[in-house]
Amino acid sequence: MGVDRRERVVHALLDAHGRTFADEAGIPLKDAPQPLYRLLVLSHLLSARIRGSIALATARALHEAGLRDPRRMAAATWQDRVDALGRGGYRRYDERTATQLGDGAQLLTERWGGDLRRLRREADGEVRQLRRLLQEFPGIGPAGADIFLREAQQVWPEAAPYLDAKALQGAERLNLPQGPERLAALAGDTGTAALAAALVRAAVDRQVAEDTLRRAG
């Protein structure tokens, strides 16, 4: 596939699917404690074996219930968290997740003062260290850390271009290069967070890839 064709594919993908998951969940992402915490919770929810639409709805339900920062999450009762998760449709994992969210909020408060920017400073710009520290939160494994960093690269530029195995799977399905730098170059001025989200959608939904290739001509 020539460079022009690859650029058309990337632009067609971004035009239709270049919306970050944080944006879809109603999180106005910026480098501030509350939106970063909401992204951490969203990453936790999305990393489970459950439909993405349910995870997104549940993130919104937690916000509507007031559980939008670690202090409120930790102060809520376990049943409050279970009920909010249930309203979002997150019923299969609700009891375990309610416990993990409470424990994670307490960890964030006690170790980093409720502010993920302190975790970032502890990592000192090392993406590998960021990924390791994120996995100290209950329920955040490698997949959850990848989701967080894919989205957070929008406001934590040292993580960019962060295109993990799932995003690269989408690139392969679209016959695009596998190198993060080469993919970012094809996207031009579009942020790699939006590119990563679009590629993940192509990875998890074959129809997205097929429609993108057809539109690209």
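Predicted model: local features only at pLDDT ≥ 70, side-chain atom pairs only at ≥ 80, totals over all residues.
**Exercise 1. Describe the aromatic pair formed by Tyr90 and Tyr93.**

Step 1: Recall the rule. Rings of Phe, Tyr and Trp (its six-membered ring) pair if their centres lie within 6.5 Å; planes under 30 degrees apart count as stacked, over 60 as edge-to-face and the rest as tilted.

Step 2: Search the whole structure, and three aromatic pairs turn up.

Step 3: For Tyr90 and Tyr93, the centres are 6.2 Å apart and the planes are 50° apart, so the pair is tilted.

Step 4: Check the surroundings. Tyr90 and Tyr93 are both buried (under 20% relative accessible area; exposed is over 50% and partly exposed lies in between, with a 1.4 Å probe and protein chains only).

**Exercise 2. Work out how helix H8 and helix H9 cross.**

Step 1: Find the helices (DSSP runs of H or I, at least four residues, numbered from the N terminus). H8 covers residues 116-123 and H9 covers residues 127-134.

Step 2: Take the axes (lines fitted to C-alpha atoms over the stretch in contact, with angles from 0 to 180 degrees between N-to-C directions). They come within 8 Å and cross at roughly 135°.

Step 3: Name the angle. H8 is therefore oblique to H9 (under 35 degrees is roughly parallel, over 145 roughly antiparallel, 65 to 115 roughly perpendicular and the rest oblique).

Step 4: List the contacts (heavy atoms within 4.5 Å). H8 contributes Leu119, Arg120, Glu122 and Ala123, and H9 contributes Gln129, Leu130, Leu133 and Leu134.

**Exercise 3. Is Gly114 buried or exposed, and which residues does Gly114 contact?**

Step 1: Locate Gly114 in the loop between helix H7 (94-112) and H8.

Step 2: Gly114 has a relative accessible area of 13%, so Gly114 is buried.

Step 3: Leaving aside neighbours within four places in sequence, Gly114 is in contact with Pro33, Pro70, Leu108 and Thr109.

Step 4: Look at Pro70 again: Gly114 and Pro70 are 44 residues apart in sequence and 6.0 Å apart in space, C-alpha to C-alpha.

Definitions and conventions
Residues numbered from 1 in each chain as written. Heavy atoms only, no water. Helix = DSSP H or I, 4+ residues; strand = E, 2+ residues; numbered from the N terminus.
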